[in-house]
Amino acid sequence: MQSYAILWADDEIELLKPHILFLEKKGYHITPVNSGADALDKFQEQSFDIVFLDENMPGMTGLETLAQMKTINPNVPVIMITKSEEEHIMEEAIGAKISDYLIKPLNPNQILLSVKKILDNKRLVSEKTNQGYQQDFRNLALAFSEYMNHDEWVDVYKKLIYWELEIEQTQKKDMAEVLEMQKSEANTSFVKFIRDHYEDWLNEPKADRPLLSHQLMKKKVFPLLEQPEPIFFIVIDNLRYDQWKVIEPILLEYFTIEEESAYYSILPTTTAYARNAIFAGMMPADMLKYHKDLWVQEDEEEGKNLSEEAFLMRQLQKNRLNIKASYHKIITQGQGKQLAEQVENLMHNQLNAVVFNFVDMLSHARTDVDMIRELMPDEAAFRTLTRSWFLHSPLLDLLRRVSEKSARVILTTDHGTMFVKKPYRIVGDRNVNTNLRYKQGKNLSYDDDKILVARKPERFHLPKLNVSTSYVFAIEDYFFAYPNNFNYYVNYYRHTFQHGGVSMEEIIIPLVTMRGKGQ
C-alpha cells in the first residue's frame, strides 16, 4: 500500500495517541502538532496528503487555520474534527471546502474510513469497477449472442455505456480495451438484428417494432398536450446516449426525470431524413408523396432541413391539434440567449419545439478543423467537450428558466454518430451523395459483406430518384471511400465522427421526459 503523510493538529494531541498508533499500524505516517500556528509551520515546510484539524483549538482556531492553509495549497484535503455539533460551524467548514467532518469522540475505524474515502477512493473504485465489469462481461456476451428484441437491445446498449463511463473514471482503465472489443462484437450482432427486422417494422402491421422517428411526436409528445402545462420539445441534433448520460447529472439539479428511455432512429440516420421524419410524422417516401413542396431530394442543391417548422405545423393540423405552437432552430449563441430570455412568452404556447445544432457542428468540426481534432481524439473527449459546451450553453440557461415554471420538457435527438475507423471501397457516379455512412444512387458498385443494402427503397420507405435507385448503408465502424485518391481520403476521414449508417450509437438514442423541481 502507498504510504501517505498526515498532519494532525489538536490541542489535546496526547490524548489521541491510540488513534495515531492505530493509523501508523495501517501504514500511514502521522505528524502530530498541538496548535494551528504549528500546523501552518509544518504545512509550509513539507508536503502532506491529508490534514486533520481540530476546530476548537486555543489561539488560532481550526477554521482560521483552514483559511490560511487554503491560500498556501488549496488542493490538500482537510478533515475538520470538533466536539461541537452546531450547524453554523458545519456550514462554515463545508463552505471552506473541507473534505470531511468528524465529531468527537472519535472512533478509530471512523477515522480510517474517512481517510480511505479521500486518499484511496480512486484505487478502490477502480478495483471494484473492474471486478464488476468482469463479472458482467459474460452476461453481456451471452445476451447479444442470442436472439434479443428491440427493448433488450436498448438494455444491453445502456449497460455497455454504463460500464464505459464507469471504466473511464478508473485510474488505469485496465478493462477499457476489453470493453471496446465487446462493444464492437455487440455492434456486429446489432447490425444483424437490424438486417433481420427493420423492413418488417416498416411493412408488417403486426411486427414487434420499437418507437421510430416518424412516430415520436404522435406517441410521446401529443398525448402530453392534453395536460394544462406547456410542453418544451427539445431536440439536440446528433446527441448520443453516452453524451446524454454525461449531461444528465447537471440537469438533475433542476429537474425530476419522469421517464428515461430510448427510441430508434430511421435510416439513413441523418438530419435530412430522421429529423424531418420527426417533425413531419411520416417516413421520407410519404413526405415526398404528400409534401412535394417541402421535401428536398438528394440531387437538389437546396438545404434539406429548411422546412421543419412547416412539417410540424402540418403534422399538428393532420392530427387535429388546434393549439398555439412555436418552432425555433438555434445555431448561434446569440439565438440561444435570445430564446432563453423569451421563456415568459413561450409559456403561453402549448407546444414549443426547439432544435439545438451545436453537437452536430462539433462532430463536423472534428473532421475539418485540426485544433478540434486534437481536442477531441476519441469518444471520451467528445463526451467531455459536449458536457463543457452544455454547462456554458444557452440551452442550459433556457432549461434552468423552464425548470422554475409549470412546464414539462421532452429532451431527445434525431440520431447519434459513429467514430469510424475502417474504410470500405465503393464506386459511384458524380450524382451520388457525399455522406460517408450511406450512399444513394443508380450506379453503385460494392461488395456485399460489410454493408446493408436497400435494393428496393420502397421497402425502407425511402424516395427513389429513378427506377434503379438503391441505398447502401455502412455498418459498425466502417466508412465509405472511393478508390480514387483512396489513401488520402482514408487518412483524412479515419477516426472522425460520422452518421447515416447502422450502429447502436447512431440508431439507439435518448428520449427523456422531465419536470422542473422549481415548480
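**Reading salt bridges, strands and a surface patch**

Me: Which residue forms a salt bridge with Lys-422, and how far apart are the closest N and O atoms?

Reply: Lys-422 is joined to Asp-477 by a salt bridge, with the closest N and O atoms 3.1 Å apart. A distance within 4 Å is the cut-off for such a pair. Keep in mind that this is a predicted model.

Me: Where do Lys-422 and Asp-477 lie?

Reply: Lys-422 belongs to strand 12 (residues 422-425). Asp-477 sits in the loop between strand 15 and strand 16 (478-481). The two are 55 residues apart in sequence, so the pair ties together separate parts of the chain.

Me: Is Asp-477 buried or exposed?

Reply: Buried means under 20% relative accessible area. Asp-477 has 11%, so it is buried. Lys-422 has 30%, so it counts as partly exposed.

Me: Which residues do salt bridges that share partners join into one network?

Reply: The network takes in Glu-164, Glu-168, Lys-183, Arg-240, Asp-242, Glu-379, Arg-383 and Glu-505.

Me: How many salt bridges does the structure hold?

Reply: The count is 34. One of them joins the side chains of Arg-459 and Glu-199, at 2.9 Å from N to O. Arg-459 is in the loop between strand 14 (451-454) and strand 15 (470-474), and Glu-199 is in helix 8 (residues 176-203); the pair therefore ties together parts 260 residues apart in sequence. Both ends are partly exposed: Arg-459 has a relative accessible area of 28%, and Glu-199 has 27%.

Me: What does Glu-258 form a salt bridge with?

Reply: Its partner is Arg-515, and the closest N and O atoms are 3.0 Å apart. Here the pair links strand 7 (residues 255-264), which holds Glu-258, to strand 18 (residues 508-516), which holds Arg-515, so parts 257 residues apart in sequence are tied together. Glu-258 is partly exposed at 39%. Arg-515 is partly exposed too, at 24%.

Me: Now strands. Which residues of strand 3 lie on one side and which on the other?

Reply: In a regular strand, side chains alternate between the two faces of the sheet. In strand 3, Ile-50, Phe-52 and Asp-54 are on one side, and Val-51 and Leu-53 are on the other. Both faces are covered. Five of the five residues of strand 3 (residues 50-54) are buried, so the rest of the structure largely encloses it.

Me: In what sense do strand 1 and strand 3 pair, and over how many bridges?

Reply: Strand 1 (residues 5-9) pairs with strand 3 in the parallel sense, over four bridges. Trp-8 stands opposite Phe-52. Strand 3 also pairs with strand 4 (residues 78-82), again parallel and over four bridges. There, Phe-52 has Ile-79 as its bridge partner.

Me: Is Met-80 buried or exposed?

Reply: Met-80, in strand 4, has a relative accessible area of 0%, so it is buried. Its C-alpha atom is 19 Å from that of Ser-47, which is 33 residues away along the chain.

Me: Which residues form the negative surface patch?

Reply: The patch consists of Asp-151, Glu-152, Asp-155 and Asp-208. Glu-152 lies in helix 7 (residues 150-168). With a relative accessible area of 35%, Glu-152 is partly exposed.

Me: How many helices and strands does the chain come to?

Reply: The chain has 21 helices and 18 strands. Of its 519 residues, 53% count as buried. The C-alpha atoms fill a box of roughly 90 × 55 × 45 Å along the principal axes.

Note on methods:
Residues numbered from 1 in each chain as written. Predicted model: local features only at pLDDT ≥ 70, side-chain atom pairs only at ≥ 80, totals over all residues. Heavy atoms only, no water. Patch = residues over 30% accessible without salt bridge, like charges linked within 9 Å, V, L, I, M, F, W, Y side chains within 5 Å. Areas by Shrake-Rupley, 256 points an atom, 1.4 Å probe, with all protein chains shown as cover. Lys, Arg positive; Asp, Glu negative; His and termini not counted. Charge placed at Lys NZ, Arg CZ, Asp CG, Glu CD. Buried < 20%, exposed > 50% of the residue type's maximum accessible area, 1.4 Å probe, protein only. Pairing = 2+ DSSP bridges.
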